[in-house]
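Biologist: Can you walk me through this one? Keep it short, please.

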2 protein chains.
Amino acid sequence: MPDPQPRKQAPDATRRSQRSRQAIYDAALALVAEVGYPKTTVEGIAARAGVGKQTIYRWWPSKADVLLEAFLDLSAQSAEQAGAQPGEPYALPDTGDLAADLKGVLRATVDELLDPRFETPARALAAEGLVNEQVGREFVAKLLEPQLQLYVDRLRAAQDAGQVRPEVDPRIALELFVSPLAQRWLQHTGPISYDYTDTLVDYALYGLAPRA
Amino acid sequence: MPDPQPRKQAPDATRRSQRSRQAIYDAALALVAEVGYPKTTVEGIAARAGVGKQTIYRWWPSKADVLLEAFLDLSAQSAEQAGAQPGEPYALPDTGDLAADLKGVLRATVDELLDPRFETPARALAAEGLVNEQVGREFVAKLLEPQLQLYVDRLRAAQDAGQVRPEVDPRIALELFVSPLAQRWLQHTGPISYDYTDTLVDYALYGLAPRA
């Protein structure tokens, strides 16, 4: 049967492109981890990936765009390792137990933040984002905010199920457990562990004040 | 009456030293805001402050130490403007109303984070701290952690007063309202305002889950 999907490239060319893309992603993440964002160049990425500079410029207008996609790819790989289906839109688990679901996702995030493959380039990019507002805003809009929206969706479902107060703003509420982990990781203000993120979820859901 | 305090310097020399110190602090903060931490040098600070390089090295071993003290001085000035007594050990207000006290302190922090005099050098240093672990740890240990300990003290007093559950760890609990503000400011993940920090305090104290 003929393949119903139209193809722009023959299968071999597609496979070659895929290999080149993956080599470029790997090179970009490795370079930014080693020399930092300011010293990472499209030339350097091309040399390390074994492709021509023009190959990169054909697909991405700038190094920021290469790095953004390399990160999206790395995050997708992490999500697949954590059980997500490739190509499926991501959603947080919803077993009906909000605390357990949030703890599970935050434990997976702890694993990711402690993995040097992710940690070093993520830190280099976060540092650049602090002083280069354009880079910072692009990474937040394309990478961080879509991840935070998954928590918004899960908290809305919990509101529908009566497990979160209806007047709570989910976009602020998620910060009570996401931001402490982010700050400890980014600024080394404390150790991160499963115990720590479990505690954050419990405090956020049930509050610090005694229940009457 | 003779002054009971021993003095190493005559009053004029002390005043001159004070003026030089202040000029060095101002120059250090201005430079790091303008050119970033990596390009800020002791030579540059000295030139801008109108003092010799040796004057700086007599008082501080490195540029990181100058900047740290410049920030401590800036924070002390902010605290005085917010009503603290000069030279007094800082403590958060304790009116007996924990929510109101925390909201007041966080509102003052919002003002500080939106003040360009503080914002630009603080951001430059935070960015350096992300990639330069020694700088990061020093600023956390000497500047950030002592500020966080004020929240620990206030939350312990609230525990004694029965306003915070006794099993809550104050060092983690404070992160539920401090870290979201820090992350929004550092990473531009959202706007910061009094309304926002008031909401964080309410969510943290009373929790996201409905009260039975």
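Modeller: Let's start with a definition. A charge sits over a ring if NZ of Lys or CZ of Arg is within 6 Å of the ring centre and within 35 degrees of the ring normal. The charged end of A:K63 sits over the ring of A:Y37, 4.1 Å from the ring's centre.

Biologist: What sits over the ring of B:W59?

Modeller: The charged end of B:R21, 4.5 Å from the ring centre.

Biologist: What should I know about the model and the numbering?

Modeller: This is a predicted model: local features need pLDDT of at least 70, side-chain atom pairs count only at pLDDT 80 or more, and totals for chains, interfaces and linings use all residues. Residues are numbered from 1 along each chain as its sequence is written, chains are lettered from A and ligands numbered from 1 in the order in which they are written, and side-chain values use heavy atoms, with hydrogens and water left out.

Biologist: Rings next. How many aromatic pairs are there over all chains?

Modeller: Nine. Rings of Phe, Tyr and Trp (its six-membered ring) pair if their centres lie within 6.5 Å; planes under 30 degrees apart count as stacked, over 60 as edge-to-face and the rest as tilted.

Biologist: Why is the pair of A:F71 and A:F118 edge-to-face?

Modeller: Because their planes stand at 75 degrees, with the centres 5.8 Å apart. The pair links distant parts of the chain, 47 residues apart. A:F71 is in helix α4 (residues 63-81) of chain A, and A:F118 is in helix α6 (residues 116-131) of chain A. Helices (H or I, at least four residues) are DSSP runs, numbered from the N terminus.

Biologist: Is A:F71 buried or exposed?

Modeller: Buried, at 2% relative accessible area. A:F118 is buried too, at 12%. Buried means under 20%, exposed over 50%, partly exposed in between (1.4 Å probe, protein chains only).

Biologist: Which ring pairs with B:F118?

Modeller: B:W185, in a tilted pair: 6.5 Å centre to centre, 40 degrees between the planes. B:F118 lies in helix α6 (residues 116-131) of chain B, and B:W185 in helix α9 (residues 175-187) of chain B, so the pair ties together parts 67 residues apart in sequence.

Biologist: New topic. What superposes chain A on chain B?

Modeller: A rotation of 180 degrees with 0.0 Å of shift along its axis (RMSD 0.0 Å). That is the relation of a two-fold axis.

Definitions and conventions. Helix = DSSP H or I, 4+ residues; strand = E, 2+ residues; numbered from the N terminus. Least-squares fit on C-alpha atoms with pLDDT ≥ 70 in both.
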